[in-house]
Structure formats: structure tokens, C-alpha cells
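Have the structure open as you read along.

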Amino acid sequence: MKIRNVVHKGLRRLVEDDDASAVPAAVADKLRRMISFLQDMQQTRELYALSGWKAHVLTGERIGTWSLFVTKNWRLTFLIDQGEIEILDLNFEDYH
């Protein structure tokens, strides 16, 4: 899937320039793998293939937002535009 936009500035630098200087060094490689997986993904059900990422859709005010586990409190979050087959609002955040 194409990534339409990235919210987190450091993550944007990682996606666009492969510059990991603005994300925690301990998770830079994991974020690279996750981003690569998302870009290669064809269907949302593929997100469940890697159980360690604990893929799930948020509820409540954030209904429809996907969440992938990165570290204790940090998640990679995004929306999926099924019509355009694109990832929207990719973010690296601690929403807990």
C-alpha cells in the first residue's frame, strides 16, 4: 500500500529519507521493518500475520484507526483508505 502522509516528523524522515536520527535508536530497525511491510501489504488481513505486532483497530473516538505494537506504550497508528488502497495519517505515538 502507498503511504499518503506521515504525521510524526521523525517517522516522516525515516519513511522519506531513511533518516532514523529523529526516532529512538532502539526501535529504528523495527519501524523500518513495519513500514516496509505496510508498503508491501495488499490487504488489511495481512496485518494479523505477525502476532508480535498485536495489530488491532481502535474503538471509541479513534474508531477505524489501526494500531501496531512497537514498545511498551509506543504504537504505529494509521488509517486505511480502502477505496484508494492507501495508508493515511501514519503516526508513531504514545496514546495510552
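Which side chain meets Asp18 in a salt bridge? The partner is Arg32, at 2.8 Å from N to O. A salt bridge here is a side-chain nitrogen of Lys or Arg within 4 Å of a carboxyl oxygen of Asp or Glu. Asp18 sits in the loop between helix 1 (9-17) and helix 2 (28-40), while Arg32 belongs to helix 2, so the pair links distant parts of the chain, 14 residues apart. Helices (H or I, at least four residues) and strands (E, at least two) are DSSP runs, numbered from the N terminus.

This is a predicted model, in which local features need pLDDT of at least 70, side-chain atom pairs count only at pLDDT 80 or more, and totals for chains, interfaces and linings use all residues. Residues are numbered from 1 along each chain as its sequence is written, and side-chain values use heavy atoms, with hydrogens and water left out.

Searching the whole structure gives seven salt bridges.

| Pair | N to O distance |
|---|---|
| Asp18 and Arg32 | 2.8 Å |
| Arg62 and Glu93 | 2.9 Å |
| Lys2 and Glu86 | 3.8 Å |

Lys2 lies in strand 1 (residues 2-3) and Glu86 in strand 5 (residues 86-93), so their bridge ties together parts that are 84 residues apart in sequence. Lys2 is exposed at 54% relative accessible area, whereas Glu86 is buried at 11%. Buried means under 20%, exposed over 50%, and partly exposed in between (1.4 Å probe, protein chains only). Both residues also join Arg4 and Asp81 in a network of salt bridges.
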